[in-house]
Amino acid sequence: MKRWYGKLLGFFAGAALFRTNPLFGALIGLLIGHAFDTDWFKLRRDNPYAALGLTPDATDAEVDQAYRRLMSQYHPDRVAGAAAELREQAEVRAREINQAYDRIKTLRKRR
């Protein structure tokens, strides 16, 4: 669903804030409203499917396959002999993958 109310609110708020030049303010507000409507400021972790490299219409089998593939690649035990920095990066990435997988499973149970 396309959102439009951010643009409208931004238009009027910008015009009101830039009283000396309301047309410029309306244009700036319109651009900021568009950015919010299209989720430019949305964080990556808000979308668990992106963390697994999938789209929301992926099947359960595809989700499981992507989870197994990524965990086999980023599991901390797999890089046990590597440098401390690499181990820490692998732990962080594995934690993100686990959280995304758990979130997808929770969302799909609610359906």
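## The nonpolar core

The largest nonpolar core has 15 residues. Such a core is a set of buried Ala, Val, Leu, Ile, Met, Phe, Trp, Tyr and Cys residues joined through side-chain atoms within 4.5 Å. Buried means under 20% relative accessible area, with a 1.4 Å probe and protein chains only. L52, L54, V63, Y67, M71, I97 and I104 have the most contacts inside this core. At least two core residues come from each of α3 (48-51), α4 (60-74) and α5 (84-110).

Setting aside neighbours within four places in sequence, M71 is in contact (heavy atoms within 4.5 Å) with A94, I97 and N98.

## Basis of the model

This is a predicted model: local features need pLDDT of at least 70, side-chain atom pairs count only at pLDDT 80 or more, and totals for chains, interfaces and linings use all residues. Residues are numbered from 1 along each chain as its sequence is written, and side-chain values use heavy atoms, leaving out hydrogens and water.

## Helices and the J domain

The protein chain has five helices and zero strands. These are DSSP runs, numbered from the N terminus: helices are H or I of at least four residues, strands E of at least two.

An unreviewed UniProt entry places "domain: J" at residues 47-111. Such annotations may be inferred rather than shown by experiment. Over residues 47-111 the chain is 71% helix and 0% strand. The end C-alpha atoms of that stretch are 17 Å apart.

## Overall shape

The C-alpha atoms of the protein chain fill a box of roughly 65 × 40 × 15 Å along the principal axes. Buried residues make up 26% of the 111 residues.

Note on methods:
Buried means under 20% relative accessible area, exposed over 50%, partly exposed in between (1.4 Å probe, protein chains only).
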